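Dear colleague,

Please open it first, and then read the notes below beside it.

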Amino acid sequence: MKKLTKKNLTLLLLILFGYSGISQVSGIITDSDNNPLIGVSINEKGTTNGTISDIDGSFSLTPQNYPTVLVFTYVGYSRQEVSVDGKTMGMNVMMSEGVGLDEVVVTGTRGKPRTILNSPVPIDNFNASELIKSGQTQIDQMLNYKVPSFNSQNQAISDATAHYDPADLRGLGPSRTLVLVNGKRKNQSAQVYLNRTPGKGEVGVDLKSIPTAAIERVEVLRDGASAQYGSDAIAGVINMILKKDVEYSTFNARTGITSEGDGFNFGADFNSTKKIGDGFINYTLGYFKQNETNRAGNVGAGDQGAAPNSADYAGGESDPDYIRDLGFWQRNEDWLAANPDASMKVGQPNINKLDVFANMEYPISDNSTFYTFHGVTQRDGRSYAYYRAPYWRRDVAEAEHFTTFENHIGYHPTFDVDILDNINSAGIKSELFGFNTDLSLTYGRNAVNYTVTNSVNRDYLADHGWSPSTFNPGGYNFSNTIANLDFNRTFGADDNIFIGFGYESKKENFQSIAGDKFSFYKGGSDSFAGIKPEEEVDEDRTSNAGYLTLDYDITDDLLLGAAARFEDFSDFGSNFAWKVNGRYKLGNKGAIRGSVSTGFRAPTLHQRYLINSQYIIVQGSPDPQLQGTLANNNPAVQALGVPNLFAETSLNFTGGVTYRLNDHISASVDYYNITIKDRVLFSSQIQAQTPGDAIDVILQQNGVKAVQFFINAGDTKTNGVDFVLNFDNYRIGSDGRFGATLAANFNSTTIDAINTPATLENAGYNIFDRREQSLITDSRPKSKIILGLNYSTDKWSVGLDNTQFGEVTVTSPSGEQFDQVHSAKLVTDLRLGYTFSDALQFTFNANNIFDVYPDVLNADTGESANGRFVYSSIVQQQNFLGTNYSIGLNLTFAELND
């Protein structure tokens, strides 16, 4: 006789006497041919409680209430609703083919899940397994090749920016896209993008710190949402939903290399769930390694200049100085002959990354659940500065008794980073007076520390005859602590009125940490000067906010909604944002939707307090003078008439239509118009145009030679159209399925005004020159069109993805006539998959199979550095890696979750 365990006894009592408490519902989900469906979303209607099905279609979920309704949604299948009363322990659900408009999403609703069809604003829903198929290695690049209005590219030779890859929606800059994890605000990075790249002067979220293996799905809200979520949500919201109570453990391994034989990468991750009573903990372990690539070009003739002329020397050809200079010149020519690329390295950086993530839920009563999630990512990387050719650094090459860089070979400074990012959140979801409540506390932090190797401090070398070759220039930390209390519920006989309101309290901290004394001595370590002790910053600010949102389904077809949020910041004041939206359903086939809203973005603490300067010796001045980036409250900056930073504001219009033509075909098109006032800009370098003019006097009085600063000065307007056409689940043969997606974005951004302080304007100074302006208007593709084709059987799958990146413009410092428009580029990716068994799958990806590169830089643009850069390191549509091949294995284990 089988042993009567506690579990068996519980089941026996349930069968004999029924069950009146909260029980777990489980089952199997299949298609019409009885094939299991993987990754189906199962949500308890009217709540955020949900899970996804596993590799054999199985699922389990503990509802918050009984009786209740479970909603089953899956890409390409029609929505299913199943009532459960607490007595049903298991169920089988068969889903029929349909299209993705019935997928349930939670972003942008502040609590009430809605289908994509029923949502009054455009929103995309991507299952993580779908993103991984792209063959890209990081979540930012996966989204880049999936979401037409999302852009992110690696920026070579850009100091720390090379390790963060600025990313944005709708070309509005990294600061104006809000990123959430499980609906909680993700902390921004510690790094300001200071180099000439898209997003210059801004701060974004370190998307590389969120491992794809921990993600269940990604929801992308393509509409302004400041009235619901607060600062930064002008362009939209990206919500990363973590995996929950999965039935199976998975191990994935992938490796790849470019067709040039460089850029080797390897990644491995493990995801599993452990039961904790009626709760669970899902955890992810990940490792990723990436080697550098190099696409440097050969330098042009005369890179070191003409040979010395004996006629310029008093002693002619026998002059000792002439003999020495000619010998030095000839050795450099020999070095260039042996190193035609001047030993440059232009490409992606080295990366080593470790991830640990956990997501936990545990019911503590019949109507209360404790939840918590945590993520830690440690990443180190190495990128490169310009190679210091020996004729660029003759003082180093000929320094007496200094042998670190002898033999006239120059030196190549590296830029090494150590990045630590973590997010920690905990809360309790419960029911109070009929309201769903969510009380939570979230802490996030990003820290970056720098190391420069293979370099020299030339001033220290000149003064002391010696210099270190490795420097620690310091680093930056940013953290935020956020407390949230949210309430929501439905009213009315048909639950046709939804109300949500809540309170948020936030504290932010920004720190800059001084480097070692050698890194900031006078001009500082070559390639990147260290942070000086007097530039250290440790600044806080607090904000408090309240919001209210209301949705009213006036009829089954007509929905009207409104939201408002008031937020007060300790450093600049308050903001009130509002939003109204509506949706009218076209039967059960489609809907017309639209919204009008205001938004805002608070200036970051980085922009307010960052100092990044160096002292230089100016001829005629007895004291060293300062140049570089100075804080917004610096006396020199304020003397130029620059006001204290305050919030940007926006006015957003979105309108569109979505329609389901039949069970296989759906389409949507949305127009958007976004006007931003008082955009925070990172100025051009300001220095005296004429000795003794008004600006020169101000700078001299403050001991400053040249300065850059942050200022609310830009008014911009962005117009665009998003288009999506889906063709899903068309059967071919007995077990074949075909699907296709055509998605596109067309956009344009113009600058309506640059508001220059009167002191500078009256003196004829331009605070934001045309090259800086072009980073806002022309550095991102004007269009992106993605065509994805997919075919699968029970064993095989094949996909062909085509991404056309629109035009971008390289702006020349020499004038508009030397600008270069880079033509549109089509990148084609091939993927193959084979399922050996339920436990083992194999994938092969060939990304950019036709080896497409950006246009080659014209020399007239002034960006090629005499041929060192074949492709622009500033403005680009896609990367310049060429073809990349990768293979992957996926292993599934059932017993580890028992």
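On one side of helix α10, Gln700 and Gln701 are exposed, where exposed stands for over 50% relative accessible area, buried for under 20% and partly exposed for what lies in between (1.4 Å probe, protein chains only). This is a predicted model, in which local features need pLDDT of at least 70 and side-chain atom pairs count only at pLDDT 80 or more, while totals for chains, interfaces and linings use all residues. Residues are numbered from 1 along each chain as its sequence is written, and side-chain values use heavy atoms, with hydrogens and water left out.

The buried residues of α10, which runs over residues 694-701, are Ile695, Asp696, Ile698 and Leu699. Seen down the axis of α10, these buried residues fall within an arc of 160 degrees (taken from the directions from the helix axis to the C-beta atoms), so they line one face of the helix. After α10 comes Gly703, whose phi is positive, near 65 degrees.

The largest cavity holds about 480 Å³ of space; a cavity is a set of points on a 1 Å grid over the protein atoms alone where a 1.4 Å probe fits but cannot get out, and its lining residues have an atom within 4 Å of a point. Of the 32 residues that line the largest cavity, Gln136, Gln141, Gln348, Asn879 and Leu881 are the closest to its centre. The second largest cavity, with about 240 Å³ of space, is lined by 26 residues, and nearest its centre lie Gly199, Glu202, Arg679, Leu775 and Ile776.

With best wishes

Note on methods
On a 1 Å grid over the protein atoms alone, a cavity is a set of points where a 1.4 Å probe fits but cannot get out, and a pocket is an open set with protein on both sides within 12 Å along at least five of seven lines; lining residues have an atom within 4 Å of a point. Grid points are joined across faces, edges and corners, and a volume is the space filled by probe spheres set on the points. Helices (H or I, at least four residues) and strands (E, at least two) are DSSP runs, numbered from the N terminus.
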